[in-house]
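Hi there,

Here is the model I promised to pass on. Please have a look, and my notes follow below.

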Amino acid sequence: VQSGLWFWGANVIGAVSALAALAAIAMPHLRRRMFSQDYLAGLLFQAFGLLALWIGGALALGTAVRMGPGYVPRLLGFILVGLGAVISFQAAMAESVGPERGKWRPFLLVPAAVLAFAIVFNLAGLIPAIIATILVATLGGDDIKWGQTAISLTFLILLCVGVFKYALNLPMPLFELKV
Amino acid sequence: MDTLAQLAQGFAVALTPVNLLWALVGVTLGTAVGVLPGVGPALTIALLLPLTYKVDATGVFILFAGIYYGAMYGGSTTSILLNTPGESATIVTALEGHKMARRGRAGAALATAAIGSFVAATIGTIGLTFVAKPIVELALKFGPAEYFALMVLAFVTVSAVLGRSAIRGLASLFLGLFLGLVGMDTLTGQPRFTFGLPELLDGINVIVVAVGLFAVGESLHALWKRSSLTSDTLTVTDSVWLTRQDWQRSWKPWLRGSAIGFPIGALPAGGAEIPTFASYYLEKKLSRHPEEFGHGAIEGVAGPEAANNASAAGVLVPMLTLGLPTSATAAIMLSAFQSYGIQPGPLLLDNQPQLVWGLIASLYIGNIMLLVLNLPLVGLWAKALTIPPPLMYAGILVFATVGIWGASQSWVDLLLLYTIGVVGLVMRLFDFPAAPVIVGMVLGPIAEQEFRRALTVSQGDLTIFLTKPLSATLLALAVILIAAPPAWRLVRRLRAGPVQPALR
């Protein structure tokens, strides 16, 4: 479906950037530049652009005067690849810092808490779901203080019930066992 | 006098009990989120966007404006007591204010910040009241070409101002423009990037994107970050009021800070950072006690805090008169306009006088509420600083999820919310600003429309954008904003010549 110099040009830019990053694994002195925050960020946007070009490839292009549905998407795709390439290139030319290292425990436990919310909400309603969420999320903290947990719990229940149930009149059960 | 009559009508709207309640809820919530480090007005307003499905526009915008102003007040409390500036605009407050708190003058620092904020925000709101009409009258003379040029300027300023570098901002902007393409093509009726999902035919809802990027993405990033809060929270030991000498040393910085903050905030490329620093250096220069700066000078809190609040009012000028957002919070408010089907721009003031003037009037009222709320209750707010972050972010995620689910009851929207949340996390990890995405999504289609209109007028002649003087000026400004900083760096490097490589 895809043809044209531009498309292949964009692919080549992306491939070169990705290969440069891969090649840098073997070359320690390049590793810091290629695995820097900036280089990877550029690579990411090149990937976005290529993905857009790939998926939007089937849309008719048209001409500048009579634009087809694929005209603007393709233009934006090329611009994204181009901007990404510039960011990567700048990064490879200069010293820069690596991506932030983070904490896994809160990062995984808090979304898990939201998942718990979804499951308990379907089984028992809004209030048990909020309780489950806060209990799981508490485990993500560095030091666990149950007093604060209780305060946050009360506050969140009042807020959610007030806003969603009474202000917005959303159809959601507060407490209802379905098992 | 026309303006005053309309303002009076605005007060009639803002003083209805329901709207007073919205304003009170807004400033309270705003102060709370301003105090909490890691939660800003942008996130809060994003979280409350689902309200736009149920509540009338005037009430929601009064609420949002209250949050916006309230967060400014609350932010200074955190800076002074915790030395953790919530945003770049309060760095200076943290600098001097925390030193004052260390010396047992926390109460005086908080008081001068609160009263200064009140003075500055009121002056800024008066400025907004009287500047709005003339700007709108000018903007109404705009043709499609000028309007398109203005959009381009908006794109460029948002990208250049809000990120670490212009190119990162532009990348975010184009991502947003791209998200705006999803759905049915208006001209040919062909579905684009819908992955065969009928839910996506209408396009991605900008509210889902705003909540995903600012609430989910921000929370995930905050949870990921290693740096946690230091428990170095100072308590207020002295009375939260000013001595006679404090008043004498504060009132001029308040006025000067407002005078600097409002115009810079109103400029498309202004922001709140430049005026606060400008005010700080000005006060340091003019002060009779320059040796106190850096050790807790009250002028160093009064001036920048006033500048910060006045610029917050200034940001509302381009937002309400031209539909141009120049801060992340303004970008999210813009998406609320879209949710109501209200087109922001010069026509807003004529089409929605109730909304705009009610909003402006509520800013005056909210300011008074904030002063009352902040001075006596500051100790209570400081308590909020002790909430453990995981609980806070879990609460935010639950609120975001329920809000989106309640608004549309669509699994596709929930999936999108979390996908975009992860995108928002990745963007923050790689230091891309999120606000240009929203701006691109909201303004992109409008810009395209004006572009096509302009070309219809000129019968396909692209030079129309350059031959009209106003549009040419605006485009030239946009080019300067993008090209000037790198060019300036190049010039400096060339001047520095061989010294630079030796330094490396």
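Helix 4 of chain B and helix 12 of chain B are roughly antiparallel to each other (over 145 degrees; the oblique class takes what is left after under 35 for roughly parallel and 65 to 115 for roughly perpendicular). Their axes, lines fitted to C-alpha atoms over the stretch in contact, lie 10 Å apart at an angle of about 155 degrees. The crossing of this pair is right-handed. The residues that meet include Y68(B) and M72(B) from helix 4 and A312(B) and L316(B) from helix 12, and the contact (heavy atoms within 4.5 Å) divides into ten nonpolar, three polar and one charged.

This is a predicted model, with pLDDT of at least 70 needed for local features and 80 or more for side-chain atom pairs, while totals for chains, interfaces and linings use all residues. Residues are numbered from 1 along each chain, chains are lettered from A and ligands numbered from 1 as written, and side-chain values use heavy atoms, without hydrogens and water.

Now to the two chains. The contact takes 55 residues from chain A and 54 residues from chain B. Together they bury about 5,000 Å² (accessible area lost, 1.4 Å probe, summed over both), with 78% of it on carbon and sulfur atoms.

Best wishes

Definitions and conventions: Buried area is the accessible area (1.4 Å probe) that two parts lose on being put together, summed over both. Axes are lines fitted to C-alpha atoms, for helices over the stretch in contact, and angles run from 0 to 180 degrees between N-to-C directions. Helices (H or I, at least four residues) and strands (E, at least two) are DSSP runs, numbered from the N terminus. A crossing is left-handed if the near helix is turned anticlockwise from the far one by less than a right angle, and right-handed if clockwise. Ala, Val, Leu, Ile, Met, Phe, Trp, Tyr, Cys and Pro count as nonpolar, Asp, Glu, Lys and Arg as charged, and the others, Gly among them, as polar.
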